[in-house]
Amino acid sequence: MYDLHCHLDGSMRMSTLTELLQEKNYEIPDQIKFYPGMGLDEALSRFKTTLSVLQHPDAIERVVREICEDGADIGVGFTEIRFAPQLHHGAPIDEIVEAAISGLDDHANIILCGLYGESPQILNTLVEIARMKERVVGIDLAGGPLPSHKWSLLDYSEPFEKARKYGIGRTVHASEGRSPKEIEVAINFLHAQRIGHGTTLLQDRKTLDLVRQKGVTIEACITSNWHTGAIDKLSDHPIKKWVDEDIRVAICSDNTLLSDTDLSSEYRKAVAHCGLTYRDIKNCRIH
């Protein structure tokens, strides 16, 4: 099993979060974990708590190391851990990235995330960092667009074009309950090789055909999509239909702490609730 979509600040151990909150005399929230139908905006707000204790390089290195350990314990063969280093202000951004790299074992790498609503220049900076760091294998655009944002998805095409030029991997959070046209833009203008979530893909045949023709992989996060309300129940997830349409799909955890899951659990849900066969699971592992 490979976990291609795992957020650092959503996948720390609960015991570590509690310990770090206590060290800072921060209040431990009554509810930190996601719940079904909470909506993406409410889900994203939960990261304020985890980010509050991940401002120092030592904490970042520790959490990355523990994510690798926890993955190894359940048989995850490789993990790509993603995070937005610009949100961690306890050291210069390059030191924050180095701290994350220091926590990696031999079976993990890093993806750097820009965020919807941020200046494209931030992603340009992340691309330059990725260019210099062997263990940084990709960039991502994470979160979700809001009407108040100054920059649209298309405005991030320049840094993604630079990433393509440098041979840096490219993935984009797109169509997480929103228009499937986001996927089309991400592929055609941001050169996305993978799409995070993509739950509305089946709503547009042209986009579906584009994903298949380009060999783009969908990073499926079943529990997360249920929590954010992109699907009403686990059995509504489109993953089986994607597989039947010959779309490349990788099953992912997204946030092991906040969604109270892990990669093994996601595979079990894909079989028990979404109807994936043994052959389907094998293909997802290959992808």
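The model is predicted. Helix H4 runs over residues 57-73, and its buried residues pack against both strands and helices. Serine 224 sits in another helix, H10.

**Helix H4**
- H4 has 17 residues, and at 1.5 Å a residue it should span 24 Å.
- Its end C-alpha atoms are 24 Å apart, which agrees with that expectation.
- The buried residues of H4 are Pro57, Ala59, Ile60, Arg62, Val63, Val64, Glu66, Ile67, Cys68 and Gly71.
- Their packing partners include three strands: E1 (2-7), E2 (78-83) and E3 (108-115).
- Helices H1 (14-23) and H5 (93-103) are also packed against by the buried residues of H4.
- Just after H4, glycine 75 has a positive phi of about 90°.

**H4 against H5**
- The two axes come within 7 Å and cross at roughly 30°.
- Angles under 35 degrees count as roughly parallel, so H4 and H5 are roughly parallel to each other.
- The crossing of H4 past H5 is right-handed.
- In this contact, 7 residues are nonpolar, 2 are polar and 2 are charged.
- From H4, the contact takes in Pro57, Ile60, Glu61, Val64, Arg65 and Cys68.
- H5 meets them with Ile96, Ala99, Ala100, Ser102 and Gly103.

**Serine 224**
- Helix H10, residues 222-227, holds serine 224.
- Buried means under 20% relative accessible area, so serine 224, at 2%, is buried.
- Leaving aside residues up to four places away in sequence, serine 224 touches His197, Asp254 and Ser259.
- Glutamate 134 is 90 residues from serine 224 along the chain, and their C-alpha atoms are separated by 30 Å.

Note on methods:
Residues numbered from 1 in each chain as written. Predicted model: local features only at pLDDT ≥ 70, side-chain atom pairs only at ≥ 80, totals over all residues. Heavy atoms only, no water. Helix = DSSP H or I, 4+ residues; strand = E, 2+ residues; numbered from the N terminus. Expected span 1.5 Å × (residues − 1). Buried < 20%, exposed > 50% of the residue type's maximum accessible area, 1.4 Å probe, protein only. Contact = heavy atoms within 4.5 Å. Axes fitted to C-alpha atoms, helices over the stretch in contact; angles between N-to-C directions. Parallel < 35°, antiparallel > 145°, perpendicular 65-115°, else oblique. Left-handed = near helix turned anticlockwise from the far one by under 90°. Nonpolar A, V, L, I, M, F, W, Y, C, P; charged D, E, K, R; others polar.
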